[in-house]
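Here is a briefing on one protein model.

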Amino acid sequence: MTDTLAPVDAPSVRVSPGRRRGDRIVPAAALGWLVLLLAEWAADGRIWLGHLVGIVPPAAFVLVPLLLAALAPLARGAARWRSLAAAALALAVGYGQSGLDPAALWRAEPRPGPESVRVFAWNTNSWNQLLGTQDHFYAFLKAKDADVYLLHEYQHVTADRKGRLPIDDLARLRREFPGHQVVVRGELVTLSRFPVLRQPAVGPAGRLPPGADWQAEYRESKVLRTDLLVRGRTVSFYNVHMPVWNSMPDGLLSADFYRHMRERSGPRRAQYAGLEADLAANRNPVVVAGDFNATAAMSDLDPLRERLADAAEVSTDPYPTSWEEGGWKPFWRTDWAFTGNGARAERYEFNPPEKLSDHAVQDLWVSLPGNG
């Protein structure tokens, strides 16, 4: 007799439920993030809803695709490769919106020259109405010993914080800064050690009639241009506080939140357009700094970044942020500084506001043509 061997069935490979879920969830998450990015790209700067991207901490445009790529091994075969491809494409699309500057890690510590002009730009949080004391506030300002101060929110707020009220602190300003000239328009204050030559209106402020009331100035004057005579050269300093795009106290689920977004979109565009038009016609060296109420993820700043140099290009901080100070760590940079037409940033940094504001202060040293 010949012995015969019975066929042996191949062992079946069992796929765990978790593995099967990974095949579905990971590619869906990666593709969903990519689609969200493309939708945001299509909406931002074109329709008012595009400003919602300002809610996202810009670093997420790098961190989320990296996380999705790290999760890709949870999927198998083609699903894994689809996940990696979607994550890689999302990283490529979103990197420019992240505000990250890895080159800052090996950038040499800047050393401003002796002819540098020191500029201090800051959102004062309603002129220190809500935090600290006035003595602390003025001592803080004076300690910076800046040549030019660009200050915003020279105002107070109503009890519900929805209204804005004018204030008159000029006597103390002049007493505390006897070596500076004082220029005020609406909520904007510029202090200068250098002689003031001109104060041309920018954007919607140019439509205001002479003697317009403070509320009209507050609403229309969001850019204060001051031409200064700096060592024989005319230099234009732009003090900027753009209208905020949101109404966060109303909450994302409130109809008022989206109504405010829609209503503020037009005035905000007009202010940016006015600033861009004025810069295009200005041949002086320029320094533009302030609270732009825009993050690196938002397209509002694109024309400025194309025309001017971001002062952060000389910073040693790989992820500069300025708001919201007072928490564990600010995640957004809404305060910006730019230079152009021969003016160059030599040193730029954000510094703590000593609990006087929810915005960090911008310390900027600028060199001018012929001064290094």
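Which strands does helix H8 (residues 255-281) lie across? Helix H8 lies across strand S8 (223-230), S9 and S10, and runs at about 170° to S9. The model is predicted: local features need pLDDT of at least 70, side-chain atom pairs count only at pLDDT 80 or more, and totals for chains, interfaces and linings use all residues. Residues are numbered from 1 along each chain as its sequence is written, and side-chain values use heavy atoms, with hydrogens and water left out.

**Sheet with S7 to S12**
- Six strands form an open sheet in the order S7-S8-S9-S10-S12-S11, with mixed pairing. Strands (E, at least two residues) and helices (H or I, at least four) are DSSP runs, numbered from the N terminus. Two strands pair if DSSP finds at least two bridges between them.
- Strand S7 (196-198) and strand S11 (309-310) are the edges; each has a single partner strand, so one side of each lacks a neighbour in the sheet.
- Strand S9 (residues 233-241) pairs with strand S10 (residues 286-291) in the parallel sense, over six bridges. Val240 stands opposite Gly290 in S10.

**Sheet with S1 and S2**
- Another open sheet of six strands runs in the order S5-S6-S2-S1-S14-S13, again with mixed pairing.
- Strand S5 (181-185) and strand S13 (344-351) stand at its edges, each with a single partner strand, so one side of each is left without a neighbour in the sheet.
- Neighbouring strands of this sheet are turned by 15° against each other on average, direction ignored. Axes are lines fitted to C-alpha atoms, for helices over the stretch in contact; angles run from 0 to 180 degrees between N-to-C directions.
- Strand S2 (residues 148-152) and strand S6 (residues 188-192) pair in the antiparallel sense over four bridges. Val148 has Ser192 in S6 as its bridge partner.
- Helix H5 (residues 134-144) lies across strand S1 (117-123), S2 and strand S14 (361-367), at about 155° to S1.

**Helix pair**
- The axes of helix H2 (residues 60-71) and helix H3 (residues 77-94) come within 9 Å and cross at roughly 170°. H2 and H3 are therefore roughly antiparallel (an angle over 145 degrees).
- Their contact (heavy atoms within 4.5 Å) includes Phe61 and Leu66 of H2 and Leu84 and Leu91 of H3.

- A pocket is an open set of points on a 1 Å grid over the protein atoms alone, where a 1.4 Å probe fits, with protein on both sides within 12 Å along at least five of seven lines; lining residues have an atom within 4 Å of a point.
- Of its 21 lining residues, the closest to the centre are Gly99, Leu100, Asp310, Arg333 and Trp336.

Conventions. Parallel < 35°, antiparallel > 145°, perpendicular 65-115°, else oblique.
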